There are 2 protein chains.
Amino acid sequence: MHTIEPITRAVEAFATLPGIGPKTAQRLAFYLLRQPADTVRELAEAILNMQAAVHFCSVCGNVTDVEPCNICRSDQRDQSTICVVEDPLAVITLERTRIYKGLYHVLHGALDPLHGVTVEDLKIEELVRRVQGDTVKEVILATNPNVEGDTTAGYLERRLAPLGVHITRLARGLPVGGDLEYADEVTLARALEGRRPTT
Amino acid sequence: MHTIEPITRAVEAFATLPGIGPKTAQRLAFYLLRQPADTVRELAEAILNMQAAVHFCSVCGNVTDVEPCNICRSDQRDQSTICVVEDPLAVITLERTRIYKGLYHVLHGALDPLHGVTVEDLKIEELVRRVQGDTVKEVILATNPNVEGDTTAGYLERRLAPLGVHITRLARGLPVGGDLEYADEVTLARALEGRRPTT
(Lines give C-alpha, C1' and ligand atoms only; values in the text may rest on other atoms or scores of the structure.)
Protein backbone atom coordinates (compact mmCIF):
# COMPACT_ATOMS: atom_id res chain seq x y z
CA MET A 1 0.00 0.00 0.00
CA HIS A 2 1.56 3.27 -1.14
CA THR A 3 0.57 6.03 1.27
CA ILE A 4 1.09 9.69 0.46
CA GLU A 5 2.27 11.40 3.63
CA PRO A 6 0.63 14.85 3.17
CA ILE A 7 -2.73 13.18 2.50
CA THR A 8 -2.36 10.78 5.42
CA ARG A 9 -1.57 13.74 7.68
CA ALA A 10 -4.71 15.64 6.59
CA VAL A 11 -6.87 12.51 6.92
CA GLU A 12 -5.56 11.92 10.45
CA ALA A 13 -6.15 15.56 11.40
CA PHE A 14 -9.75 15.38 10.16
CA ALA A 15 -10.29 12.07 11.96
CA THR A 16 -9.54 13.73 15.33
CA LEU A 17 -12.72 15.80 14.95
CA PRO A 18 -15.86 14.53 16.73
CA GLY A 19 -18.21 12.50 14.54
CA ILE A 20 -15.64 12.21 11.73
CA GLY A 21 -14.53 8.60 11.21
CA PRO A 22 -11.60 7.45 9.04
CA LYS A 23 -13.78 7.05 5.92
CA THR A 24 -15.32 10.52 6.22
CA ALA A 25 -11.88 12.00 6.96
CA GLN A 26 -10.56 10.43 3.75
CA ARG A 27 -13.51 11.73 1.77
CA LEU A 28 -12.98 15.27 3.13
CA ALA A 29 -9.25 15.22 2.34
CA PHE A 30 -9.80 14.08 -1.26
CA TYR A 31 -12.59 16.61 -1.67
CA LEU A 32 -10.26 19.42 -0.61
CA LEU A 33 -7.55 18.17 -2.99
CA ARG A 34 -9.90 18.92 -5.87
CA GLN A 35 -10.89 22.39 -4.66
CA PRO A 36 -9.34 25.72 -5.74
CA ALA A 37 -6.40 26.83 -3.56
CA ASP A 38 -8.47 29.81 -2.34
CA THR A 39 -11.19 27.57 -0.90
CA VAL A 40 -8.62 25.49 0.97
CA ARG A 41 -6.83 28.57 2.30
CA GLU A 42 -10.12 30.09 3.45
CA LEU A 43 -10.91 26.97 5.52
CA ALA A 44 -7.43 26.84 7.06
CA GLU A 45 -7.42 30.55 7.88
CA ALA A 46 -10.95 30.51 9.30
CA ILE A 47 -9.91 27.69 11.66
CA LEU A 48 -6.72 29.46 12.77
CA ASN A 49 -8.33 32.88 13.05
CA MET A 50 -11.28 31.66 15.10
CA GLN A 51 -9.23 30.48 18.03
CA ALA A 52 -7.01 33.57 17.93
CA ALA A 53 -9.95 36.00 17.88
CA VAL A 54 -12.39 34.30 20.21
CA HIS A 55 -12.17 33.96 23.99
CA PHE A 56 -14.58 33.35 26.84
CA CYS A 57 -16.47 36.33 28.31
CA SER A 58 -15.13 37.10 31.79
CA VAL A 59 -18.68 37.67 33.05
CA CYS A 60 -20.82 34.86 31.59
CA GLY A 61 -18.25 32.45 30.14
CA ASN A 62 -19.83 32.48 26.67
CA VAL A 63 -17.64 32.70 23.54
CA THR A 64 -17.02 36.25 22.36
CA ASP A 65 -14.66 38.44 20.37
CA VAL A 66 -15.31 41.49 22.58
CA GLU A 67 -15.02 41.91 26.38
CA PRO A 68 -17.52 41.61 28.01
CA CYS A 69 -19.63 39.82 25.41
CA ASN A 70 -22.40 41.53 23.43
CA ILE A 71 -25.13 39.93 25.54
CA CYS A 72 -23.58 40.95 28.89
CA ARG A 73 -23.01 44.54 27.71
CA SER A 74 -26.43 44.99 26.05
CA ASP A 75 -28.93 47.39 27.65
CA GLN A 76 -31.68 45.51 25.81
CA ARG A 77 -31.23 42.46 28.06
CA ASP A 78 -32.95 41.87 31.38
CA GLN A 79 -30.13 41.99 33.93
CA SER A 80 -32.26 40.34 36.61
CA THR A 81 -32.46 36.91 34.94
CA ILE A 82 -29.61 34.46 34.35
CA CYS A 83 -30.07 31.32 32.27
CA VAL A 84 -27.48 28.66 33.20
CA VAL A 85 -26.35 26.39 30.36
CA GLU A 86 -23.65 23.76 29.91
CA ASP A 87 -21.94 25.12 26.79
CA PRO A 88 -21.90 27.98 24.25
CA LEU A 89 -23.89 25.95 21.70
CA ALA A 90 -26.84 25.99 24.12
CA VAL A 91 -26.71 29.80 24.11
CA ILE A 92 -26.99 29.83 20.32
CA THR A 93 -29.91 27.40 20.42
CA LEU A 94 -31.75 29.47 23.06
CA GLU A 95 -31.05 32.75 21.25
CA ARG A 96 -32.60 31.29 18.14
CA THR A 97 -36.00 31.08 19.88
CA ARG A 98 -35.93 34.92 20.19
CA ILE A 99 -37.99 34.56 23.38
CA TYR A 100 -35.36 34.81 26.11
CA LYS A 101 -34.21 38.35 26.89
CA GLY A 102 -32.08 37.80 30.00
CA LEU A 103 -28.40 37.01 30.52
CA TYR A 104 -26.55 33.68 30.39
CA HIS A 105 -24.03 31.78 32.43
CA VAL A 106 -22.02 29.07 30.69
CA LEU A 107 -20.78 26.32 33.04
CA HIS A 108 -18.49 24.66 30.45
CA GLY A 109 -19.65 21.17 31.28
CA ALA A 110 -21.87 19.25 33.68
CA LEU A 111 -21.09 17.44 36.92
CA ASP A 112 -19.94 13.92 36.11
CA PRO A 113 -17.94 12.49 39.04
CA LEU A 114 -17.51 9.14 37.29
CA HIS A 115 -15.51 10.91 34.57
CA GLY A 116 -13.74 13.21 36.99
CA VAL A 117 -15.79 16.37 36.37
CA THR A 118 -16.38 17.98 39.76
CA VAL A 119 -17.61 21.36 41.03
CA GLU A 120 -14.14 22.90 40.66
CA ASP A 121 -14.06 22.08 36.93
CA LEU A 122 -17.18 24.13 36.18
CA LYS A 123 -17.82 27.87 36.35
CA ILE A 124 -19.98 27.41 39.46
CA GLU A 125 -18.26 29.78 41.90
CA GLU A 126 -18.46 32.48 39.22
CA LEU A 127 -22.22 31.88 39.01
CA VAL A 128 -22.65 32.05 42.79
CA ARG A 129 -20.78 35.37 42.86
CA ARG A 130 -23.02 36.78 40.10
CA VAL A 131 -26.17 35.74 41.96
CA GLN A 132 -25.01 37.31 45.23
CA GLY A 133 -26.11 40.94 45.47
CA ASP A 134 -29.46 42.45 44.58
CA THR A 135 -29.53 42.49 40.77
CA VAL A 136 -30.41 38.88 39.96
CA LYS A 137 -34.00 37.83 40.72
CA GLU A 138 -34.33 34.58 38.74
CA VAL A 139 -31.95 31.81 37.74
CA ILE A 140 -33.20 29.44 35.01
CA LEU A 141 -31.38 26.08 35.15
CA ALA A 142 -31.17 25.03 31.50
CA THR A 143 -28.68 22.17 31.77
CA ASN A 144 -29.20 19.23 29.41
CA PRO A 145 -32.11 16.88 30.20
CA ASN A 146 -29.87 13.91 31.05
CA VAL A 147 -28.28 12.42 34.17
CA GLU A 148 -25.28 14.78 34.29
CA GLY A 149 -27.42 17.83 33.52
CA ASP A 150 -29.94 16.89 36.20
CA THR A 151 -27.19 16.25 38.75
CA THR A 152 -25.71 19.66 37.98
CA ALA A 153 -29.09 21.40 38.23
CA GLY A 154 -29.79 19.67 41.56
CA TYR A 155 -26.44 20.81 42.94
CA LEU A 156 -26.94 24.40 41.72
CA GLU A 157 -30.40 24.50 43.26
CA ARG A 158 -28.94 23.62 46.69
CA ARG A 159 -26.13 26.16 46.28
CA LEU A 160 -28.36 29.03 45.09
CA ALA A 161 -31.47 28.51 47.27
CA PRO A 162 -29.90 30.23 50.34
CA LEU A 163 -29.30 33.35 48.23
CA GLY A 164 -33.05 33.94 47.98
CA VAL A 165 -33.39 33.99 44.17
CA HIS A 166 -36.25 32.44 42.22
CA ILE A 167 -34.92 29.18 40.70
CA THR A 168 -36.68 27.59 37.70
CA ARG A 169 -36.02 24.80 35.23
CA LEU A 170 -37.03 24.32 31.60
CA ALA A 171 -40.30 22.39 31.16
CA ARG A 172 -40.10 18.68 30.30
CA GLY A 173 -42.67 17.22 27.95
CA LEU A 174 -43.45 16.15 24.43
CA PRO A 175 -41.32 17.72 21.73
CA VAL A 176 -43.42 19.92 19.43
CA GLY A 177 -44.03 18.23 16.10
CA GLY A 178 -43.28 14.84 17.64
CA ASP A 179 -45.57 11.83 17.62
CA LEU A 180 -47.05 10.50 20.89
CA GLU A 181 -46.42 6.97 19.66
CA TYR A 182 -42.66 7.51 19.51
CA ALA A 183 -42.26 9.33 22.84
CA ASP A 184 -40.26 7.36 25.41
CA GLU A 185 -41.96 6.52 28.71
CA VAL A 186 -39.88 8.92 30.81
CA THR A 187 -40.70 11.89 28.58
CA LEU A 188 -44.35 10.87 28.49
CA ALA A 189 -44.44 10.53 32.29
CA ARG A 190 -42.93 14.03 32.63
CA ALA A 191 -45.48 15.38 30.13
CA LEU A 192 -48.31 13.88 32.21
CA GLU A 193 -46.94 15.20 35.50
CA GLY A 194 -46.46 18.64 33.97
CA ARG A 195 -49.89 18.76 32.31
CA ARG A 196 -51.44 22.22 32.23
CA PRO A 197 -55.05 23.45 32.03
CA THR A 198 -56.21 24.62 28.60
CA THR A 199 -56.79 28.35 28.66
CA MET B 1 -29.09 37.12 17.77
CA HIS B 2 -25.47 38.07 18.51
CA THR B 3 -23.19 36.39 16.00
CA ILE B 4 -19.43 36.23 16.48
CA GLU B 5 -17.84 36.82 13.10
CA PRO B 6 -14.74 34.57 13.46
CA ILE B 7 -16.93 31.66 14.56
CA THR B 8 -19.48 32.27 11.80
CA ARG B 9 -16.66 32.29 9.25
CA ALA B 10 -15.30 28.92 10.49
CA VAL B 11 -18.80 27.40 10.61
CA GLU B 12 -19.46 28.53 7.04
CA ALA B 13 -16.10 27.16 5.86
CA PHE B 14 -16.84 23.76 7.44
CA ALA B 15 -20.35 23.76 5.97
CA THR B 16 -18.91 23.91 2.42
CA LEU B 17 -17.45 20.41 2.93
CA PRO B 18 -19.46 17.46 1.55
CA GLY B 19 -21.71 15.74 4.08
CA ILE B 20 -21.21 18.51 6.66
CA GLY B 21 -24.48 20.36 7.35
CA PRO B 22 -24.85 23.61 9.31
CA LYS B 23 -25.35 21.79 12.65
CA THR B 24 -22.27 19.58 12.23
CA ALA B 25 -20.24 22.59 11.07
CA GLN B 26 -21.22 24.44 14.24
CA ARG B 27 -20.33 21.46 16.39
CA LEU B 28 -16.90 21.17 14.72
CA ALA B 29 -16.16 24.89 15.16
CA PHE B 30 -17.04 24.84 18.86
CA TYR B 31 -15.08 21.65 19.35
CA LEU B 32 -11.97 23.30 17.86
CA LEU B 33 -12.45 26.36 20.07
CA ARG B 34 -11.91 24.14 23.10
CA GLN B 35 -8.81 22.39 21.72
CA PRO B 36 -5.18 23.36 22.40
CA ALA B 37 -3.74 25.82 19.89
CA ASP B 38 -1.34 23.12 18.62
CA THR B 39 -4.18 20.81 17.62
CA VAL B 40 -5.88 23.57 15.69
CA ARG B 41 -2.66 24.61 13.97
CA GLU B 42 -1.94 21.01 13.01
CA LEU B 43 -5.32 20.69 11.28
CA ALA B 44 -4.93 24.00 9.44
CA GLU B 45 -1.38 23.21 8.33
CA ALA B 46 -2.22 19.67 7.26
CA ILE B 47 -5.00 21.05 5.04
CA LEU B 48 -2.76 23.74 3.50
CA ASN B 49 0.24 21.48 3.11
CA MET B 50 -1.70 18.67 1.44
CA GLN B 51 -2.74 20.69 -1.58
CA ALA B 52 0.71 22.24 -1.90
CA ALA B 53 2.54 18.90 -1.76
CA VAL B 54 0.20 16.68 -3.73
CA HIS B 55 -0.43 16.68 -7.47
CA PHE B 56 -1.71 14.23 -10.05
CA CYS B 57 0.71 11.70 -11.54
CA SER B 58 1.43 12.59 -15.17
CA VAL B 59 1.21 8.91 -16.14
CA CYS B 60 -1.80 7.47 -14.32
CA GLY B 61 -3.57 10.57 -12.91
CA ASN B 62 -3.53 9.28 -9.34
CA VAL B 63 -2.64 11.61 -6.46
CA THR B 64 1.05 11.62 -5.59
CA ASP B 65 3.80 13.66 -3.98
CA VAL B 66 6.48 12.27 -6.32
CA GLU B 67 6.60 12.18 -10.13
CA PRO B 68 5.73 9.68 -11.50
CA CYS B 69 3.80 8.15 -8.60
CA ASN B 70 5.12 5.27 -6.51
CA ILE B 71 2.89 2.74 -8.25
CA CYS B 72 3.88 3.81 -11.79
CA ARG B 73 7.60 3.77 -10.91
CA SER B 74 7.54 0.48 -8.98
CA ASP B 75 9.31 -2.55 -10.52
CA GLN B 76 7.11 -4.75 -8.32
CA ARG B 77 4.02 -3.90 -10.38
CA ASP B 78 2.86 -5.73 -13.49
CA GLN B 79 3.30 -3.16 -16.29
CA SER B 80 1.07 -5.15 -18.66
CA THR B 81 -2.18 -4.57 -16.74
CA ILE B 82 -4.01 -1.27 -16.24
CA CYS B 83 -6.99 -0.96 -13.92
CA VAL B 84 -9.21 1.99 -14.89
CA VAL B 85 -11.01 3.76 -12.01
CA GLU B 86 -13.04 6.93 -11.64
CA ASP B 87 -11.15 8.58 -8.78
CA PRO B 88 -8.12 8.27 -6.45
CA LEU B 89 -10.28 6.90 -3.60
CA ALA B 90 -10.98 3.83 -5.74
CA VAL B 91 -7.22 3.22 -6.00
CA ILE B 92 -6.93 3.25 -2.21
CA THR B 93 -9.84 0.82 -1.91
CA LEU B 94 -8.38 -1.56 -4.50
CA GLU B 95 -4.87 -1.37 -2.99
CA ARG B 96 -6.35 -2.37 0.35
CA THR B 97 -7.32 -5.78 -1.09
CA ARG B 98 -3.57 -6.47 -1.65
CA ILE B 99 -4.55 -8.66 -4.61
CA TYR B 100 -4.04 -6.36 -7.56
CA LYS B 101 -0.42 -5.95 -8.68
CA GLY B 102 -0.82 -3.99 -11.93
CA LEU B 103 -0.97 -0.28 -12.72
CA TYR B 104 -3.88 2.16 -12.51
CA HIS B 105 -5.46 4.85 -14.63
CA VAL B 106 -7.62 7.46 -12.89
CA LEU B 107 -10.27 9.00 -15.18
CA HIS B 108 -11.26 11.76 -12.71
CA GLY B 109 -14.97 11.22 -13.18
CA ALA B 110 -17.47 9.24 -15.25
CA LEU B 111 -19.35 10.09 -18.42
CA ASP B 112 -22.53 11.94 -17.48
CA PRO B 113 -23.81 13.93 -20.48
CA LEU B 114 -26.88 15.14 -18.56
CA HIS B 115 -24.56 16.96 -16.16
CA GLY B 116 -22.17 18.09 -18.88
CA VAL B 117 -19.41 15.53 -18.28
CA THR B 118 -18.21 14.38 -21.70
CA VAL B 119 -15.24 12.44 -23.08
CA GLU B 120 -13.05 15.58 -23.13
CA ASP B 121 -13.54 16.10 -19.36
CA LEU B 122 -12.03 12.71 -18.47
CA LYS B 123 -8.49 11.38 -18.84
CA ILE B 124 -9.58 9.10 -21.70
CA GLU B 125 -7.15 10.16 -24.44
CA GLU B 126 -4.32 9.65 -21.93
CA LEU B 127 -5.58 6.10 -21.35
CA VAL B 128 -5.80 5.35 -25.08
CA ARG B 129 -2.21 6.55 -25.54
CA ARG B 130 -1.02 4.33 -22.68
CA VAL B 131 -2.75 1.28 -24.17
CA GLN B 132 -1.27 1.86 -27.63
CA GLY B 133 2.07 0.10 -28.00
CA ASP B 134 3.03 -3.41 -26.95
CA THR B 135 3.34 -3.19 -23.15
CA VAL B 136 -0.30 -3.31 -22.04
CA LYS B 137 -2.03 -6.68 -22.41
CA GLU B 138 -5.11 -6.25 -20.21
CA VAL B 139 -7.33 -3.31 -19.22
CA ILE B 140 -9.64 -3.87 -16.24
CA LEU B 141 -12.59 -1.49 -16.31
CA ALA B 142 -13.31 -0.79 -12.63
CA THR B 143 -15.68 2.15 -12.94
CA ASN B 144 -18.46 2.39 -10.34
CA PRO B 145 -21.36 -0.09 -10.72
CA ASN B 146 -23.94 2.61 -11.58
CA VAL B 147 -25.36 4.21 -14.73
CA GLU B 148 -22.50 6.69 -15.24
CA GLY B 149 -19.84 4.08 -14.51
CA ASP B 150 -21.44 1.58 -16.88
CA THR B 151 -21.77 4.21 -19.62
CA THR B 152 -18.10 5.08 -19.21
CA ALA B 153 -17.03 1.42 -19.26
CA GLY B 154 -19.12 0.81 -22.39
CA TYR B 155 -17.51 3.76 -24.14
CA LEU B 156 -13.99 2.70 -23.12
CA GLU B 157 -14.66 -0.85 -24.36
CA ARG B 158 -15.52 0.48 -27.82
CA ARG B 159 -12.48 2.79 -27.85
CA LEU B 160 -9.99 0.17 -26.65
CA ALA B 161 -11.24 -2.93 -28.51
CA PRO B 162 -9.54 -1.96 -31.82
CA LEU B 163 -6.18 -1.79 -29.97
CA GLY B 164 -6.25 -5.56 -29.44
CA VAL B 165 -5.96 -5.62 -25.63
CA HIS B 166 -7.83 -7.99 -23.36
CA ILE B 167 -10.66 -5.95 -21.74
CA THR B 168 -12.28 -7.15 -18.50
CA ARG B 169 -14.69 -5.79 -15.90
CA LEU B 170 -15.06 -6.42 -12.17
CA ALA B 171 -17.50 -9.23 -11.33
CA ARG B 172 -21.03 -8.31 -10.25
CA GLY B 173 -22.77 -10.39 -7.64
CA LEU B 174 -23.69 -10.72 -4.00
CA PRO B 175 -21.54 -8.72 -1.59
CA VAL B 176 -19.60 -11.00 0.75
CA GLY B 177 -21.14 -11.02 4.23
CA GLY B 178 -24.45 -9.80 2.81
CA ASP B 179 -27.81 -11.48 3.19
CA LEU B 180 -29.61 -12.93 0.15
CA GLU B 181 -32.88 -11.57 1.52
CA TYR B 182 -31.63 -7.97 1.30
CA ALA B 183 -30.04 -8.16 -2.15
CA ASP B 184 -31.81 -6.02 -4.74
CA GLU B 185 -33.19 -7.76 -7.84
CA VAL B 186 -30.61 -6.34 -10.24
CA THR B 187 -27.68 -7.52 -8.12
CA LEU B 188 -29.33 -10.92 -7.67
CA ALA B 189 -29.95 -11.21 -11.43
CA ARG B 190 -26.27 -10.42 -12.08
CA ALA B 191 -25.23 -12.97 -9.45
CA LEU B 192 -27.35 -15.62 -11.20
CA GLU B 193 -26.04 -14.76 -14.66
CA GLY B 194 -22.48 -14.83 -13.39
CA ARG B 195 -22.84 -18.09 -11.43
CA ARG B 196 -19.72 -20.28 -11.40
CA PRO B 197 -19.22 -24.02 -10.96
CA THR B 198 -18.05 -25.12 -7.52
CA THR B 199 -14.51 -26.43 -7.72
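The side chains of B:Glu42 and A:Arg9 form a salt bridge, with N and O 3.0 Å apart. This pair runs between chains, from helix α3 (residues 37-53) of chain B, which holds B:Glu42, to helix α1 (residues 5-15) of chain A, which holds A:Arg9. The model is a predicted one. A search of the whole structure gives 14 salt bridges over all chains and zero disulfides.

**Salt bridges between the chains**

- A:Arg9 belongs to a network of salt bridges that also links B:Glu42 and B:Glu45.
- B:Glu42 has a relative accessibility of 32%, so this residue counts as partly exposed.
- A:Arg9 is partly exposed as well, at a relative accessible area of 21%; the limit for a buried residue is under 20%.

**Salt bridges within each chain**

- In chain A, the side chains of A:Arg77 and A:Glu95 meet in a salt bridge, with a distance of 2.9 Å from N to O.
- In chain B, B:Arg77 and B:Glu95 form a salt bridge whose closest N and O atoms are 2.9 Å apart.
- B:Arg77 is in the loop between α4 (70-73) and β3 (78-85) of chain B, and B:Glu95 is in helix α5 (residues 88-96) of chain B; the pair therefore ties together parts that are 18 residues apart in sequence.
- B:Arg77 is buried, and B:Glu95 is buried too.

**Cysteines**

- The search for disulfides over all chains finds zero.
- A:Cys60 takes part in no disulfide, and its nearest cysteine sulfur, in A:Cys69, is 3.7 Å away. A disulfide needs two cysteine sulfur atoms within 2.5 Å.
- A:Cys60 has a relative accessible area of 3%, so this cysteine is buried.
- For B:Cys83, the closest cysteine sulfur is that of B:Cys60, and the 11 Å separating the two sulfurs is too far for a bond.
- B:Cys83 is buried, at a relative accessible area of 2%.

**Helix packing in chain A**

- Helix α6 (residues 124-131) of chain A packs with helix α7 (residues 147-160) of chain A at an angle of about 40 degrees, and their axes are 11 Å apart.
- At that angle, α6(A) is oblique to α7(A).
- The crossing of α6(A) with α7(A) is right-handed.
- On the α6(A) side, the residues that meet α7(A) are A:Ile124, A:Glu125, A:Leu127, A:Val128 and A:Val131.
- On the α7(A) side, A:Tyr155, A:Leu156, A:Arg159 and A:Leu160 meet α6(A).

- A:Thr81 is placed in strand β3 of chain A.
- The relative accessible area of A:Thr81 is 8%, so this residue is buried.
- With neighbours within four places in sequence left aside, A:Thr81 is in contact with A:Tyr100, A:Gly102, A:Leu103, A:Glu138 and A:Ile140.

Notes
Residues numbered from 1 in each chain as written. Chains lettered and ligands numbered in written order. Predicted model: local features only at pLDDT ≥ 70, side-chain atom pairs only at ≥ 80, totals over all residues. Heavy atoms only, no water. Salt bridge = Lys/Arg side-chain N within 4 Å of Asp/Glu carboxyl O. Helix = DSSP H or I, 4+ residues; strand = E, 2+ residues; numbered from the N terminus. Buried < 20%, exposed > 50% of the residue type's maximum accessible area, 1.4 Å probe, protein only. Axes fitted to C-alpha atoms, helices over the stretch in contact; angles between N-to-C directions. Parallel < 35°, antiparallel > 145°, perpendicular 65-115°, else oblique. Left-handed = near helix turned anticlockwise from the far one by under 90°. Contact = heavy atoms within 4.5 Å.
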